[in-house]
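The following note concerns the structure shown below.

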Amino acid sequence: MGNVILEVKNLSKTYSGITVLNSVSFNLRAGEVHALVGENGAGKSTMIKIIAGVEKPDEGSEIYINGKRETRLTAARSIQLGITVIYQDISLFPNLTVAENICIEKNKLFIVNRKEMKRIAQETLDTMGVKLDLDAKLGDISIGKQQLVAIARAITFKSKVIVMDEPTAALSKAEVEMLYKIIKTVKDKGIGIIYISHKLDEVFAVADRISILRDGYMVACDDAEKFDNQKLINLMVGRELRFVSMQNEEGESEETVFEVRNMTCEPYFRNVSFKINKYEILGLTGLVGAGRSELAQAIFGMMKPQSGEIFINGKKVYIKSPEDAISKGIGYLPEDRRKQGLFQGHSMACNISTVTISRHLNKLGLISKKKELQTALANINKLSIRPNLPTINIENMSGGNQQKALFSRWLETNPKVLIVDEPTSGIDVGAKLEIHKLLRQLAKSGVAVILISSDLPEILAIADRILVMRKGDIVYETVAVNATQEKVIEKGLMGSGREIG
Amino acid sequence: MIKLNKMANNNEMILALFALFLFIGFSFSSPYFFRLGNLMQLTAQLVELGLMTLAMSASIISGGMDLSIGAMASLFTVLLATFMGTMGLPMWIAIFITFVASLLCGMLNGFLCGHLKVNAMLATLGTQALFSGLGLVISKGVTIQCINEKFFFFGQGRIAGHLPFQTVILVITAVFSVILISKTRWGRRIYLIGSNNEAAKFAGINYKSNIMLVYIFSAIMSFICAIVITSRISGGRADVADPLVLQSVSASVFGGIAITGGSGNILGAMIGVIVFTLVSNGMNMMGASQFLQQVIIGSILLLVLMFRQLIKRQ
């Protein structure tokens, strides 16, 4: 292990009277992966922003880079000192080519030397052991590959520190494996990596050391071997918390509440049929791009399938648009909270009443603020949304609480069928558990719940029946009690035909 | 800092105070400003920009921008003048036919922006040229006279000898629009579409029909504006409302409507109109040149935008 290249001591940060970081100490050695974990709002992002020079720390905080104290760290200075942050929503240029993106910092001359640029880009990708089309437009390649481009750029720029903020949030299983390999080569070059993730198995797979933040305090920092899953979770949330399985306890029911028959929507998926019985949660998994979200969108009327029938409580329904779907009792909590769910700049109350606005009118047919607030408050109590201010701008809430607000939006519609697409991605363990409980409650009350998730432990813990999709086909169907993680992964990667087990 | 933030939330309050400050300032610096005659004149001067700003604000809130409102209003003045002046049709029939024409123009914009999802600025840039061209063809590029005693009341009439009738038109239209945009389901939906179109789709909000209504709304506002103009100048001309388009964008933005859509409100935009009109009227009364007024209005706009940006950063 190399010497310390980045160190912070006594790091504090206060926003208008609220302390988000409290005398935090942290260091990073050359050639190590140092994982930084903690719940949403624990202070991870703030710490990274300070290291990146985007936020100023409070008086008395000390930051040392390469052993030298930096008192006035700006974003430009931070980059110059070799610190690269790869943010969650990648900060690359979608209209430029792969090569241009990799060499963006190299273009100091006015004239762009394309040959030279491509040579440098190729060299970097070679050292990483990655093959990419240098002339492809960045926006046309997958998010996983974009992530690789971001790393290549950091290497080209001779970064000494790379910060990865939830790098696998949008990656498929294969791409995650690829990322692990590359992290290893990057480490061997003597670059230090700060790795932020909610997914604990990932942390254990890549980290040499682990630091845990809770409520702005550094509660632990030690070699990765010294931790196990349960210990890490306990440290993160400060209380005992288990990933409880919550299968159906109501007993079997033969009553089918929702059914899809032979639905085809080329080129995304074909011949999909499934049933959900009363009190059941159906888990739908498979790789990203297997057609899961498209299937959900077709049921919700956002896409036009070429064929297929939908039945709710045994009655055939016709759905041409999301409005149709909503009026028939189907709700869909989309995958991308920020792009497809939230109305930023609007209040929590307004984000909750969105779909049911017609129920929030006064006698004159105008929107009643009072009714909107009442609805918001009811949901705040029911789902313990924090902060409990219906008028707060939804942008200023944490990811987990935003998700609860979006849940409320759909709960208000009293759905018969609720499709939730990656409902717990990027939110902390505590909120995850609450959402799991909520899904179970819904199923218990007779709502047909479809849970789409890439998080296998989640699917195995919550779903009663599991469907695995691969390249648009359902390749495996099983009851959860018979399912194992290995089998589900195997089917997702190479299953064909339809196996029922 | 906290104080500044609070102030930012009270955007309309600040702007209203600013308008009041201007008003008091002008009252003291010019002997002609604070007189019933001038004050009534001032309210009449608000009307045309006010109506255009209502149209512009709605389209900006929905995430677009209707650049054709000036061309539409001009075309409608030509139509009104042609029907009443040249063809001698009765007033109400002329108004009715022009109203139908305005619906058609709005539907064309709505079809392009809503159904075909053409970028709103480009689509309305195209229809702007089309409507202007139609106006020029019909009017052959000259002002068409329109002498109709009854019709003069809309843009020249005074209630009780003082209050300009067009001011009444603006007040009624503005109150109606504020309710429409901030209190109805349609209003809420265009805010949401403007804020995040993708999320609006996932919430089952129909893009086509709601956007169609936005452009029909702005066409109707242009139509009302055309009635006032035609009556005031006793005629119609194919470019008469053109300068109002960019002014209405300025007034909207000044009033706090986000150019990216989804936030701000119409009341603020109306105060923007009042500030702009106050500056221009007050400086006239002080005997300042037209050109200097432009400099002042531009500076005020820039100052407000800079101030807001500063607040945002904190």
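1. In this predicted model, 19 residues of chain B are in contact with 21 residues of chain A, two residues being in contact if their C-beta atoms, placed from the backbone, lie within 7 Å. On the side of chain B that touches chain A, helix H8 (165-183), helix H9 (185-195) and helix H10 (197-202) of chain B each supply at least two residues; helices are DSSP runs (H or I, at least four residues), numbered from the N terminus. By class, that side of chain B has seven nonpolar, seven polar and five charged residues. Ala, Val, Leu, Ile, Met, Phe, Trp, Tyr, Cys and Pro count as nonpolar, Asp, Glu, Lys and Arg as charged, and the others, Gly among them, as polar.

2. Residues are numbered from 1 along each chain as its sequence is written, and chains are lettered from A and ligands numbered from 1 in the order in which they are written. As the model is predicted, local features need pLDDT of at least 70 and side-chain atom pairs count only at pLDDT 80 or more, whereas totals for chains, interfaces and linings use all residues.

3. The domain assignment of chain A, automatic or from a database, gives domain 1 (4-237), domain 2 (244-329 + 415-501) and domain 3 (343-413).
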